[in-house]
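Please read this briefing alongside the sequence and the model. It covers the fold, the surface and the aromatic pairs.

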Amino acid sequence: MDPDGAAGHRDGEKFGLASDVAGVAAPFLKGFSLLRGVAAAEAGAESFVLNLGAGTNAMAGAVNLDLRALNGINVVADATKLPFRSATFSEVNSINPFGFNPVNAETARVMQPGGLLHVTGTANNRFAQPMNALDARAAGFEVVSSRPMIDAHAFGTQRATTGGALRTESSITTTYRRTP
C-alpha cells in the first residue's frame, strides 16, 4: 500500500485505482471501462466523478461504488475505506447515503483540492443532513450551498432501506468544496 492509501499498478495507477497485494489491477472493478479511463488520464484529463454509495442507482459516466455488487456498480468497497489514490476525483456525489456520512476525511482524501461533493437526501436521512461550517472544515470541506435537489441527482428511483421508492420532491442537495 502506498502512502496515499492505495497501491497503484501500471495503467490502474494512472487512473487512481487501487491494486491488490499481488500487484494485479483491482479485482473489484467491474463494468467500468478502464481503457477509457486510462486514455483520458494519458490525454491529461483530470476530471473523474465518483458516485459514493450508489446502491441500485448507478450514475452514468461515474465510477459507481457500493458495499454490494449490484447492477451498475463498478467498485465494491466500503465508503469509509476508499480504494483510490489521493486526489483522484474532481467531483463526488452521494445520493441518499445510508450507514455513512459522506462528508468525512476519507472522501476528502480521494478528492482534488477545490473539487465538489454533492450530498442529496430527504429530510429523514440523518446521513444527508447539511453539516455546519465548523464540522465541514474539520473533515476537509467548506459548505458552498444547500438547495433543492440538483438536476444531476434526479434520475432513477431512489429507494429507502426497506426497498420502497422515496418521495424526493423535498430532497435537499448540500454542496461542499474540498479545501486545500
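This is a predicted model: local features need pLDDT of at least 70, side-chain atom pairs count only at pLDDT 80 or more; totals for chains, interfaces and linings use all residues.

Residues are numbered from 1 along each chain as its sequence is written, and side-chain values use heavy atoms, with hydrogens and water left out.

**Fold and surface**
- Of the contacts (heavy atoms within 4.5 Å) with a separation of 6 or more, 63% join residues 24 or more positions apart.
- Of the 180 residues, 46% are buried, that is, under 20% relative accessible area with a 1.4 Å probe, protein chains only, while exposed means over 50%.
- The chain exposes about 9,000 Å² (Shrake-Rupley method, 1.4 Å probe), and 55% of it comes from carbon and sulfur atoms.

**Aromatic pairs**
- The whole structure holds three aromatic pairs, defined by ring centres within 6.5 Å, with planes over 60 degrees apart counted as edge-to-face.
- Phe98 and Phe127 are edge-to-face, because their planes stand at 80°, with ring centres 6.0 Å apart.
- Phe98 lies in the loop between strand E4 (89–95) and helix H3 (105–110), and Phe127, 29 residues away, in the loop between strand E5 (111–121) and helix H4 (133–139).
- Phe98 is exposed at 59% relative accessibility, whereas Phe127 is buried at 15%.
- Phe141 and Tyr176 have ring centres 6.2 Å apart and planes at 65°, so this pair is edge-to-face.
- Phe141 in strand E6 (residues 141–148) and Tyr176 in strand E7 (residues 172–178) are 35 residues apart, and both are buried.

Methods: Rings of Phe, Tyr and Trp (its six-membered ring) pair if their centres lie within 6.5 Å; planes under 30 degrees apart count as stacked, over 60 as edge-to-face and the rest as tilted. Helices (H or I, at least four residues) and strands (E, at least two) are DSSP runs, numbered from the N terminus.
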